Amino acid sequence: MSDTSKYETTGVRVAPTPVFPRGASKAFELRVVAVWVTLFALFVLFFMSFGLKFSFIAERFPALAGLRLTKDGFIQGAALTLFVCFFSIIASSALGLISALGRLSSSAICYGISTFYTSFFRGTPLLVQIFLIYLGLPQLGPVPDAIPAGIIALSLNYGAYLSEIFRSGIMSVPLGQREAGMSLGLPRWVVFWTITLPQATRIVIPPTGSQFIAMLKDSSLISVMGVWEIMFLAQSFGRSSYRYIEMLTTAATIYWILSICFEIIQSRLELKFGKGYSKAR
Amino acid sequence: MRRLLVASVLAPGLLAGLTTAALAGETLDRVMKNKLLVEVTDQAYPPFSYIDEAGEVVGFDVDISKEIAKRLGVEYKVETPSWEIIVAGNWNGRWDICVCSMTPTKERAEVLDFVNEYYSAPANVVVNVDNNDIKSAADLNGKKVGAQAGTTYEKYVQKQLVIEVPGGTAKIDYPFAEATVVPYDSEDTAFQDLALGTGKRLDAIVSGYLTAKERVDNAPDKFKIVGDPLYGEPIWVAVDKGDPEWEAKIKEIFKAMSDDGTLKAISEKWLDTDISTKQ
């Protein structure tokens with residue numbers, strides 16, 4: 001902990017951007033950039049060969065990118081995708097952590113609930129879960145609207161995957177760390193919260209980041225309920241005007257840009273939680 | 001164990017907070033109480049319902065349901081879940097009416113109520129523009145007629161078409177003795193073959209009026225539509241099961257819209273022709 005405050009007070013930026021391996025030479029970085037630019041140019045050429053109608057894309061881009069509200073004054077497109085993902089990320093993280101602790105607990109009930117939950121939600125397709133929540137819950141009484149149903153489905157599904165990631169992170173913290181905390185007479189929860197969890201977080205950030213990027217794209221499945229997110233709009237516009245490929249390309253570009261933003265956030269978090277492990281300068 | 005019990009009591013309450021209340025039956029009561037008609041329709045079926053470049057759901061079906069809301073004196077809202085969700089029924093009060101170009105079938109009638117026919121999708125004969133022999137369906141006798149496989153058009157040329165509507169089957173006239181059907185996977189190919197010239201591969205095509213019209217408009221030097229519509233595929237208004245008063249109200253509104261020419265006007269606005277059914 002004292003290491004962290006030292007870096008903060010002296011204002012030393014730890015480690016280069018993690019796009020490049022640590023200690024890579026300038027020449028290496030330059031060549032990587034050259035490869036990226038070449039591949040990207042080839043990619044663009046590939047899409048240009050489709051003979052896309054750009055005026056059509058330009059007309060509909062503001063809606064897909066979420067820059068415009070719907071006629072009812074609600075958010076749509078990328079804004080709605082991010083809205084759904086934001087709540088799903090929070091809820092699935094909480095579910096994942098609770099479920100991981102249940103799996104690690106000595107209580108047979110907690111262990112049973114946790115393993116059953118992970119098994120079911122990892123073992124069935126997300127699309128089926130969406131339909132079960134949207135069409136199945138009303139049989140029991142509550143009739144969820146499309147957006148809450150989508151958030152519930154994404155949270156339950158991703159919570160199950162995160163549960164296993166969090167469990168591996170917690171288990172990777174050496175037992176000695178916990179024992180040291182206990183020997184200082186700290187309560188169990190304090191030991192978990194201030195010693196085990198921060199160290200586990202460092203381990204789980206990369207796989208968790210991957211899960212959230214996957215969630216960003218899986219959120220397109222909630223379009224079946226008529227939620228006006230990116231994929232719903234792309235399909236609606238594409239199907240009714242026979243300009244499907246234009247809309248799919250646009251949707252792909254928006255998803256990719258959003259994913260890159262998620263990657264950047266992930267690498268920032270990696271830096272923050274990896275401070276104690278980076279090369280001291 | 002006690003904690004578990006508390007959780008199981010709380011969870012449904014939390015869920016209910018996120019949801020709209022489920023009402024039993026009585027759609028009409030709900031519409032009048034909420035002062036809102038919620039229409040459910042397909043997201044991309046132009047010109048009946050689709051999202052235009054301004055991002056608004058528009059079309060023939062949408063205009064009709066907007067008019068229904070207007071006549072009920074309530075606000076209008078449209079939702080567009082996937083088609084499978086619409087036809088699955090059990091709407092649980094999510095939606096009030098489906099003016100969504102639905103063809104009634106036995107299976108659908110088990111989960112939804114069909115209220116009234118509001119238009120029929122016509123089928124027509126299309127010939128090469130140089131053809132002056134075929135002027136109507138009566139002239140199809142002994143000709144090679146293209147149709148998309150698995151459609152009602154194919155069945156019509158084979159004289160085996162059965163259209164089931166609530167309360168019986170629609171009667172269909174066949175003014176020709178016998179024609180040879182040439183089935184195609186895609187209508188695109190059929191139209192390419194017809195464009196080669198009369199009798200080369202095809203003499204005529206039986207196709208849906210709306211799609212055929214688009215092709216003819218795009219290539220008026222190649223094709224033309226001849227004769228009156230052969231038959232109409234009946235399209236009905238659907239609602240969730242269990243509210244006869246609501247169905248009576250819908251029928252009453254359609255009768256009024258038919259009598260004062262509103263249905264005809266909406267049809268002509270979107271399709272340049274009147275395909276609406278007299279109520």
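A:Lys53 counts as partly exposed because it has 13 C-beta neighbours inside 10 Å; the cut-offs are buried at 20 or more other C-beta atoms within 10 Å, exposed at 12 or fewer, and partly exposed in between, with C-beta atoms placed from the backbone. This is a predicted model, where local features need pLDDT of at least 70, side-chain atom pairs count only at pLDDT 80 or more, and totals for chains, interfaces and linings use all residues. Residues are numbered from 1 along each chain as its sequence is written, while chains are lettered from A and ligands numbered from 1 in the order in which they are written.

**Around A:Lys53**
- You'll find A:Lys53 in the loop between helix H2 (26-48) and H3 of chain A; helices (H or I, at least four residues) and strands (E, at least two) are DSSP runs, numbered from the N terminus.
- Leaving out residues up to four places away in sequence, A:Lys53 touches A:Arg243 and A:Glu246, a contact being two C-beta atoms, placed from the backbone, within 7 Å.
- A:Arg243 sits 190 residues from A:Lys53 along the chain, yet their C-alpha atoms are separated by 8.3 Å.

**Chain A overall**
- Chain A has eleven helices and one strand, running α-α-α-α-α-α-β-α-α-α-α-α from the N terminus.
- Its C-alpha atoms fill a box of roughly 70 × 60 × 30 Å along the principal axes.
- Of the 281 residues in chain A, 30% are buried.
- Take the contacts in chain A between residues at least 6 apart in sequence: 70% of them join residues at least 24 apart.

**Helix H10 of chain A**
- H10(A) covers residues 230-241, and its twelve residues should span 16 Å at 1.5 Å a residue; the end C-alpha atoms are 17 Å apart, which agrees. The expected span is 1.5 Å times one less than the number of residues.
- Among the buried ones are A:Ile230, A:Met231, A:Phe232 and A:Leu233, along with A:Gln235 and A:Ser240.
- The buried residues of H10(A) pack against helix H3 (54-64), helix H4 (77-104) and helix H11 (244-273) of chain A, plus E3 and E4 of chain B.

**Where the chains meet**
- Chain B puts 25 residues into the contact and chain A puts in 22 residues.
- On the chain B side, the elements giving two or more residues are helix H1 (2-18), strand E1 (19-20) and strand E4 (49-51).
- H1(B) gives the most, with four residues.
- That side divides into twelve nonpolar, nine polar and four charged residues; Ala, Val, Leu, Ile, Met, Phe, Trp, Tyr, Cys and Pro count as nonpolar, Asp, Glu, Lys and Arg as charged, and the others, Gly among them, as polar.

**Sheets of chain B**
- One open sheet has three strands in the order E3-E4-E5 with antiparallel pairing, where two strands pair if DSSP finds at least two bridges between them.
- Strand E3 (44-45) and strand E5 (57-58) are its edge strands, each pairing on one side only.
- E4(B) and E5(B) share two bridges, and B:Tyr50 stands opposite B:Val58 in E5(B).
- Another open sheet has six strands, ordered E7-E14-E8-E13-E9-E12, with mixed pairing.
- Strand E7 (98-102) and strand E12 (180-184) stand at its edges with a single partner strand each, so one side of each lacks a neighbour in the sheet.
- Strand E8 (residues 112-128) and strand E13 (residues 204-208) of chain B pair in the antiparallel sense over four bridges, and B:Asn124 has B:Ser207 as its bridge partner in E13(B).
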